[in-house]
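Hi everyone, thanks for coming. Let me put the structure up on the screen, and then I'll walk you through it.

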Amino acid sequence: MEAATIERTERRMPAWVTGLAPLALLGLAIGLFVALGAPGLERNGAPVEELAVERTSLAPGEIELVVRNDGPDPVAISQVLVNDAFVTFEQSAGEMRRLDGNTIAVAYPWIEGEAYAVGLVTSTGGTVEHEIEAAAETPAADAGFYGLMGLIGLYVGIIPVAIGMLWLPWVRRIDERWIQFVLALTVGLLAFLGVDALLEGSEIAAGGAEAFGGAALVFLGAAAAYLGLAGVDGWLRARAHDDGTAAVGGRPGAAVAGASGSGVGAWRLAFLVALGVGLHNLGEGLAIGSAYAIGSLALGATLIVGFAIHNTTEGLAIVAPVGGERHRLRGMLPRLVGLGLLAGAPAILGAWIGASAFNPSVAALLFGVGAGAIAQVIVQIAPSIRDSSGRLLHPLAATGVLAGLVLMYATGLAISL
């Protein structure tokens, strides 16, 4: 009888009440635990003090550090040393609780090109070390500065991608089997970019993004981008099915040349490739802008040429899926221009953000986003390189993937930040 009564009560309760009840109980338990001062878990030992230096800016006679408390205990800066000498300083905050930030302005007559070791001494006597490898004045964020960043983004993003897309006439003329090879080459190119984004993001996270999760931010961004792009692709597929046409403007039933019944719209796939490359170039622009802002980027002809060669291959990756399209090139031009801007223009935006408001946590997250987007694009392309027997890594495809990896590695050797 009692069991039947409970069952009838459950049926009368709204579903949202039964869903929220455990959460409310958990909140109540945590509230009591905190209100009672965590009984039985009194803190013993020295406090754990950890600081992450998120940004370094240099002006004549001044070194400015933006720091954040990424440890569990409050931290207060009491003294600052530069090359083992105590210096005068000002700070925007006193005691920093977990995740609080602080801007420390140090009065010091630094010399351009010299290396400096900055020590932040806490109120308990602990020291947090920060290295400035080569001092250089941080550029003023004026119109000329943003113009220079835009020019760099143009050189390393839009122009190389546009040049790479000029391979489209060649892709349209080669045999269908070799289009499979080009698509496999694209997979290799993208795989290298994805791994590179993960490594870059993890390195940035280790250098100053620990407060918000460190390397976990990279993988969170990757997962979010992968799932988000999968959702976008599903929406485009559904719209294409409803309209009876291939998404992103392809002809009815258009599929990537060489695909064995994959049903992947050629223009939709090219759009996804351009989107993934664009997200990667956004992170690349962040790295360029932030490096320039702290004076560690050698802006020379060799660097620009290296980026141009490296990023030109991205243009080939974008046009490879539409190699089987038989429309006139003039009619395809507006779409190609749009794809080129989608892939290359984020480098300009990234350079602006990186040079003026660089944040290692945001940068790590964006590199992860780029890697996740590229992984989703690879999943979309993979069915198109299967042979007539359904094999994914047949000799031609395996050779193409390896060639893509080697090509990106070789061109990447020309780039040095």
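This is a predicted model: local features need pLDDT of at least 70, side-chain atom pairs count only at pLDDT 80 or more; totals for chains, interfaces and linings use all residues.

Residues are numbered from 1 along each chain as its sequence is written, and side-chain values use heavy atoms, with hydrogens and water left out.

pLDDT is the predictor's confidence in each residue, from 0 to 100. Here the protein chain has a mean of 77, and 79% of its residues reach 70 or more. Over residues 245-264, though, the pLDDT is below 50, and that stretch still has 58 contacts in the model beyond near neighbours in sequence. Contact means heavy atoms within 4.5 Å.

Okay, helices. Helices (H or I, at least four residues) and strands (E, at least two) are DSSP runs, numbered from the N terminus. The expected span of a helix is 1.5 Å times one less than its number of residues. Take helix α3, residues 143-165: its 23 residues should span 33 Å, and the end C-alpha atoms are 31 Å apart, which agrees. α3 does bend by about 40° at L154. By bend at a residue I mean the angle between axes fitted to the seven residues ending there and the seven starting there. Helix α2, residues 15-35, bends by about 30° at A21, and a proline, P22, follows within four residues.

Now for the inside. Buried means under 20% relative accessible area, exposed means over 50%, and partly exposed is in between, using a 1.4 Å probe and protein chains only. A nonpolar core is a set of buried Ala, Val, Leu, Ile, Met, Phe, Trp, Tyr and Cys residues joined through side-chain atoms within 4.5 Å.

Which residues touch the most other members of the largest core? In that core of 43 residues, they are I318, V322 and I381. Helix α5 gives the most to this core, with nine residues. T186 is found in α5, residues 176-208, and T186 is buried, at 0% relative accessible area. Setting aside neighbours within four places in sequence, T186 is in contact with L316, A317, A320 and I381.

M332 sits in helix α9, residues 329-344, and is buried, with a relative accessible area of 1%. The C-alpha atoms of M332 and V322 are separated by 9.9 Å, and the two are ten residues apart along the chain. There's also a second, separate core of 22 residues, which includes I77, Y108, V128 and A135.

Last, the strands. Two strands pair if DSSP finds at least two bridges between them. Strand β3, residues 77-82, runs antiparallel to strand β7, residues 116-122, with five bridges joining them. I77 stands opposite T122 in β7. β3 also pairs with strand β4, residues 85-87, again antiparallel, over three bridges. Those two form a hairpin with two residues between them, and N83 in the turn has a positive phi of about 50°.

Most residues other than glycine have a negative phi.

That's my tour, thanks!
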